[in-house]
Amino acid sequence: MKLGRVDFPLPDMPRLGVAAFRNRIVFHLVFVALALATLALALALLNEERQRNAQRYQQSFAKSLAQVVAQLRHPSGQLALLNPEPAQVGPGWVAPLVLPFAAIDFDDATKAQRAVDMAGCALQYPGGASLCAAVGSNAYAGGFVYLVASLDAPPLVGRERGATELHGVHRVRVSVQRDGAVQHWLAPIEALDAQRGQLAGFVVDTDDSATLPRRARPQRDFRGWVWREGPCLAAGEDCPRRTTISIRLPVEAFREALFRPGGPQWPPADLARTGLRLALLGPGGATLFDSAAAGAQPPLTLGRLSAALAPGETLNIARGPTVVALLQGADDTGAPPSPWLTALIQHLPAPATPRTLRAQDAVTTPAGRFDITLTGDLQGLDRSLSASAARLAWPVGAMLAAIALAWLIIEMGLIRRVATLTKRAAALSHQLQRPDGPRAELGTLDVADLRGRDELGILAGSLADLLQQVKDSLRREQLRAEREHDQWHAVGHEIMSPLQSLMLLHAGDDDPSRRYVQRMQQAVKVLYGQASPSEALAAATLAVARLDLDAFLRGVAENAAYAGIAGVAYAPAAEPVWVQADEYPLEDAITHVLTNADRYRVAGTPITLALRVDGELATVDIHNQGPRIPDEQLARIFDYGVSDAEPQDGARRGQGLFVAKTYLAKMGGSIAARNVADGVVFEIGLRRQ
């Protein structure tokens, strides 16, 4: 017969204690600690870098000011200090600068070029040309503008003295724009030798004039020189050489500023609004150089000092109470600072250095003393660190993402499956441990969602298969018990019919056999009306009443021979001993003990019954001479099916003492066995009435 699968639903899940989730809690705490350790490491490195940056910055702060001051003390730096205002002239015009010198020695090419190079006042044009337009710093040097140009030029064609037509010669054209008025000079070159020439300046009406007025005389204060020096820069007949043009240009308005009431005003207040233009023209009107050409690079200005400042630094340049320039260090343009990283960095433990650093120095120029103050703020360092740390945030984020991914894989692929299996197994265990639940029914351990080829999937599948085998075995046992129950019912029915006939044959009350027939009917009703002997005895109901134990034992000893047990002796008590018992089950229990004693006694020796009274307890001692019971078996001999004898003629062994113990327990009594010197004594205790 093939058994089908029988499923029983699981009971409600019991509430598990914290110990059941200890490993899962530890697992989560480990991953949380790992993530926190990663963040703590990143913050520690960030804070350490912040501390190191602050220390390096404090050490280099004074050096930064020294470098800025050294640059300002150089003539090029003084030039920037003396010309803080930007030029306010139109396109194509050059505003003159105030030199850190009293004047330029324009009559000497070497000195003029050296002064220009030191002051750094020249505008640099594409192709290597340059032009410096400047005024001296000394008011008493005269109201002149100095123009020093340097370019590569071929051999110059000079003007013959007295010639007014200039189309075929090289000439310099100079224009000055001031207060909306423009003044022009035309200066033809008068060659002194192959390397040197002189410039005579004539005032003209337009800037495109190439002809001088008749009887024109050069302006006395306009002076200029042209020098051609160095080797040929290219092969050929032209042989271009490095050419320097040096001009001292008189400006009448500047002269008027020297003689105003209240003392000379120098440099002029409108110097930044004065525009100059210089051009070198060749024969036929060819332009060799024009200051209005595009792409000129201006000289050093104060604004360019900002590049030397670190982020968060402020450079204050003051001349007395007047602030000449206020420069800020530019933030790092490599990567923009992250707002949240900047806020995080600012909340880290503050470095030991002050939050704000301050250093001062002074630069003395021909125009006076300039106070230089450098202020540093560590917040600028924080923003720079934030910009660099933003690039390092990706590795930290990747590490945290890897930790989260590992946690998710282990949690979903292992821990959660283990938790599910634990809950379902706990539900089964809870079902088996319920005192009011049927122990013969097992719930289904559904692991269809947990099976797999990994270790947990194999374990879950093995547990489910094992439980299914146990359930199938339990079901087979249930079917066997049902068949046995039906069989015992049939046996009992077949035995009761002849016993009823025996009762009719022994109907007299004085017939000794009638009592044994009644006991047999009682035993059949108890044993064969239930599913099994153990279940029958457990379900049997006794009629406990008041019984004279002394008279009862006398009857048992007298009638023992009819049960096939000879040699049973009893010494009667002096008076009746009343106990709580059911007469027939008690006689059946004592008979089972006597039968067991008869089986093991020495042949020819009696079995003695003795009655003892001790307070509220009456004890019957049943003694037989024979082999002793092993000590480890003294308690087990009363269990169902325990016997050292083999079954004979299909009769069960190990049932009599179990029946005796069960009956006595239902009557509130007890039974025990003990070894004595010559045999074994069974003690049956009953409560007195």
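Q: Let us start with the link of Cys 232 and Cys 239: what is its handedness, and what is the angle about the S-S bond?
A: Please keep in mind that this is a predicted model. The link of Cys 232 and Cys 239 is left-handed, with -75° about the S-S bond. Their sulfur atoms are 1.5 Å apart.

Q: What is a disulfide in the first place?
A: A disulfide is a covalent bond between the sulfur atoms of two cysteines.

Q: Where do Cys 121 and Cys 132 lie in the chain?
A: Cys 121 is in the loop between α3 and β2 (123-124), whereas Cys 132 belongs to strand β3 (residues 130-135). They are eleven residues apart, and the pair links distant parts of the chain. Cys 121 is buried, at 0% relative accessibility, and Cys 132 is buried with a relative accessible area of 0%.

Q: What pattern do the disulfides follow?
A: Counting bonded cysteines along the chain, the pattern is 1-2, 3-4.

Q: New topic: how many aromatic pairs does the structure hold?
A: The structure holds six aromatic pairs. One of them is formed by Phe 106 and Tyr 146, whose ring centres are 6.4 Å apart. Their planes stand at 40°, so this pair is tilted.

Q: Which parts does that pair tie together?
A: Phe 106 lies in the loop between β1 (97-98) and α3 (109-119), and Tyr 146 lies in strand β4 (residues 144-153). The pair therefore ties together parts that are 40 residues apart in sequence. Phe 106 counts as buried at 6% relative accessibility, and Tyr 146 is buried with a relative accessible area of 5%.

Q: What about the rings of Phe 254 and Trp 266?
A: Their centres are 6.1 Å apart and their planes are at 85°, so the pair is edge-to-face. Phe 254 is in helix α4 (residues 252-258), while Trp 266 is in the loop between α4 and β11 (275-281), twelve residues apart. Phe 254 and Trp 266 are both buried.

Q: Now the open sheet of five strands: what is its order?
A: The order is β18-β20-β21-β23-β22, with mixed pairing. The edge strands, β18 (568-570) and β22 (670-676), each pair on one side only. On average, neighbouring strands of this sheet are turned by 25° against each other, direction ignored.

Q: How do β18 and β20 run, and how many bridges join them?
A: They run parallel, and three bridges join β18 to β20 (residues 607-614). Tyr 570 stands opposite Leu 609 in β20.

Q: Which helix packs on the sheet?
A: Helix α12 (residues 656-666) packs on the sheet and touches β22 and β23 (679-687). The direction of α12 makes about 130° with that of β22.

Conventions: Residues are numbered from 1 along each chain as its sequence is written. This is a predicted model: local features need pLDDT of at least 70, side-chain atom pairs count only at pLDDT 80 or more; totals for chains, interfaces and linings use all residues. Side-chain values use heavy atoms; hydrogens and water are left out. Two strands pair if DSSP finds at least two bridges between them. Helices (H or I, at least four residues) and strands (E, at least two) are DSSP runs, numbered from the N terminus. Axes are lines fitted to C-alpha atoms, for helices over the stretch in contact, and angles run from 0 to 180 degrees between N-to-C directions. Contact means heavy atoms within 4.5 Å. Rings of Phe, Tyr and Trp (its six-membered ring) pair if their centres lie within 6.5 Å; planes under 30 degrees apart count as stacked, over 60 as edge-to-face and the rest as tilted. Buried means under 20% relative accessible area, exposed over 50%, partly exposed in between (1.4 Å probe, protein chains only). A disulfide is a pair of cysteine sulfur atoms within 2.5 Å.
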